[in-house]
There are 2 protein chains.
Amino acid sequence: MATYKAIIAYDGTGFEGFQRLGPHRRTVQGVFEDGLRALGWQGTSILAAGRTDAGVHARGQVVSFELEWRHETGSLVLALNAHLPPDVGVREVEVVEEGFHPRFSARWRRYRYTVLPTPMRDPLAERSAWRVWPSPDLAQMQLAAGHLVGEHDFGAFGAAPIPGGHTGREMRLARWDLDRQTQVFEIEGNAFLHHMVRRLVALMVQIGHGREQAASMAELLERPERRWTGKPAPAHGLCLEAVIYDADFAGR
Amino acid sequence: MATYKAIIAYDGTGFEGFQRLGPHRRTVQGVFEDGLRALGWQGTSILAAGRTDAGVHARGQVVSFELEWRHETGSLVLALNAHLPPDVGVREVEVVEEGFHPRFSARWRRYRYTVLPTPMRDPLAERSAWRVWPSPDLAQMQLAAGHLVGEHDFGAFGAAPIPGGHTGREMRLARWDLDRQTQVFEIEGNAFLHHMVRRLVALMVQIGHGREQAASMAELLERPERRWTGKPAPAHGLCLEAVIYDADFAGR
C-alpha cells in the first residue's frame, strides 16, 4: 500500500462540481472514485487540493489516495484513464510521502480565467470562456490586477471557510494577457476564498468597461468590511491550472 | 422576402454532422431549420457552403435562406440565437443578392486542424484537437505541407464528389504553426474532396513521426492513382474556419 498523488484535468461542464454529493449526482470526485474502485481501491474518500464549483474546469487539480498497485506508476495512469469518462483525465501519478495532503501541503494555487470579448455566440470557445461585450479595456483591468499582488485581506471578495476565520491571503501573480482572441487573467496565491477569483474578475470587467475605477480595487482591499456585492463571473470561464508544493512533497 | 447569408459556428461534438438526416437525428441543419421555423420560416431546406462530417466543428460555416423579416439584420442574429441550442450560434447575418449560393458562389474555403502533442488525456483541449504522442516534428510536417500549395490532382486523398468527376483542386495556403501547446495546420483552397484535409493531416503526422518521408507528399500529388490508404485523422480536430466569396457577393 502506498500513497499516490495524481494530477487530474476535467471539463467541468458535465459535473455538479468536484465534491461527491450522492449516488445520483455526477461529480468529479464520484467519477474518479468509481474509476479507482475498478482497480481494487477500497478507501472511503480521496483527498483533493480544492473543491471546484459546478462548471469550473481543471488542468491541474491534485488528488491523493492510498492504493495497492504492484506495477509502475505509468501503468496506473493508463489503467485509471481507461476507467474514467472522456471528460476527466489523469495527467500524472507519483508516489508521495505518507504525510502528503493535497490541500494542506499545497503552497500555491494557480487559476486562469478566460474572457472572450465578442458580441456573437461562439459555441466552441464559450465552453471555457465568459463571453463579454463590449470588449473590456485590458490596460484598465491590468491596472486593477496590479493591486492584488502581495498580502491582503480579501474579505470584501468572499467569506472565510470557517466562521470567524481570517480572510488574509497572499498573491504572487495577478496578470491579464491577450491570448489570440481571448483576454486571460492568471492569478497565483497561497489560498483563495470561495468565489474570490470569480468576484475579482467580475469587478475587473466592470473596471474594463469604465463602470468602476481601477482604484476601487485598492479601496476594497484596504477596507474589506465594505463587501463587494456584485455578481461573480460565471463558473465556466474558470480553470484550476496548477497546485504547487514544496520540494519536500515533490514525490520520491 | 429577402435572401439572407448567415455565418454560423458550432461545436460538432453533439451532432451527427451538418446535413439533415431525419426526425430523430441531431444535425446542425436540422437544429438550425427548427430555429428558423420559430421565426416564421416556411422554406424546405437551407443551403450551406459545405456539409461537415459528424464531429467536425465550424467557426465560419455559411448558410443561406429566404425569409420575411421586417426588422434589422442585427435583430435577426439575436432572434435566431435565442432559438438555437448553446452548441450552435449565428455570428453574422446579411442580405445578399438573390443569385447567391453559399456553395457555388464560394471562392475559397479555409480549414484548421489542431494537433495536441501530449501523452496524457486533456479533456478540455481534446474536444477540438487530435491528441498525438510522441510529438510530430513540425519542420518535417511543414516541408510536406509546402508541396500542397498550387493546383494539384488530389485524387490520392479522396474521391470526386460525382463518379468520374475531376479531383484537381487549388490550394493557396497550407501551413503548420505552433499555437501555445498545440500544432495547428491551416489550409485554404477553392474546394476539397471528402476527407481530404483529414487524410493530408494523417499523412503529415506520419511524416512528422519519421514513418514516411516528406517527399511522399509530392509523389502522391504527382501520381494520384496511387491512393493513400491510411486512416484519416479524427473528425474532432477539424474546424471549418471561413468561406470566402467574391466581392460580388459581399452583401448589400
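**Terms first.** When I write helix or strand here, I mean a DSSP run, numbered from the N terminus: at least four residues of H or I for a helix, at least two of E for a strand.

**Confidence.** I am working with a predicted model, so I checked the scores before anything else. Chain A has an average pLDDT of 94, and 98% of the residues reach at least 70. For the model as a whole I noted ipTM 0.75 and pTM 0.86.

**How the copies sit.** I laid chain A on chain B: a turn of 180° with a shift of 0.1 Å along the axis does it, at an RMSD of 0.0 Å. The two copies are thus related as by a two-fold rotation axis. Both copies use the same surface, since 100% of the contact residues of chain A recur in chain B.

**The interface.** How many residues of each chain are in contact? I get 27 from chain A and 27 from chain B. About 2,300 Å² is buried between the two chains, with 52% of that on carbon and sulfur atoms. I then looked up who contributes on the chain A side. Arg121(A), Pro123(A) and Leu124(A) give 33% of the area that chain A buries against chain B, more than any other three residues.

**Polar pairs across it.** I find 10 residue pairs in polar contact between chain A and chain B, both partners at pLDDT 80 or more. Next I asked which elements of chain A build the side that touches chain B. Strands S1 (2–10), S3 (57–67) and S4 (88–96), plus helices H2 (73–82) and H3 (123–126), each bring at least two residues. S4(A) has the largest share, with 4 residues. By type, I sorted this side of chain A into 12 nonpolar, 5 polar and 10 charged residues.

**Salt bridges.** Opposite charges can pair when their charged atoms come close, so I went through these too. There are 41 salt bridges over all chains, and 4 of them cross the interface of chain A and chain B.

Within chain A I picked out Asp11(A) and Arg127(A), whose closest N and O atoms are 2.8 Å apart. Where do the two partners sit? Asp11(A) is in the loop between S1 and helix H1 (28–37), and Arg127(A) is in the loop between H3 and strand S6 (130–132). The bridge therefore ties together distant parts of the chain, 116 residues apart.

I looked for exceptions here, because most peptide bonds are trans and most residues other than glycine have a negative phi. The bond between Trp133(A) and Pro134(A) is cis, with omega at about 0°. Pro134(A) falls in the loop between S6 and helix H4 (138–145) of chain A. In chain B the bond from Trp133(B) to Pro134(B) is cis as well, omega near 5°. Pro134(B) is in the loop between strand S6 (130–132) and helix H4 (138–146) of chain B.

Last entry: His195(A) has a positive phi, near 70°, and is not a glycine. I located His195(A) in the loop between strand S9 (182–189) and helix H5 (196–208) of chain A.

How values were computed: Residues numbered from 1 in each chain as written. Chains lettered and ligands numbered in written order. Predicted model: local features only at pLDDT ≥ 70, side-chain atom pairs only at ≥ 80, totals over all residues. Heavy atoms only, no water. Contact = heavy atoms within 4.5 Å. Buried area = accessible area lost by both parts, 1.4 Å probe. Salt bridge = Lys/Arg side-chain N within 4 Å of Asp/Glu carboxyl O. Polar contact = N/O pair within 3.5 Å; in protein donor to acceptor, adjacent residues only side chain to side chain. Nonpolar A, V, L, I, M, F, W, Y, C, P; charged D, E, K, R; others polar. Least-squares fit on C-alpha atoms with pLDDT ≥ 70 in both. pLDDT = per-residue confidence, 0-100.
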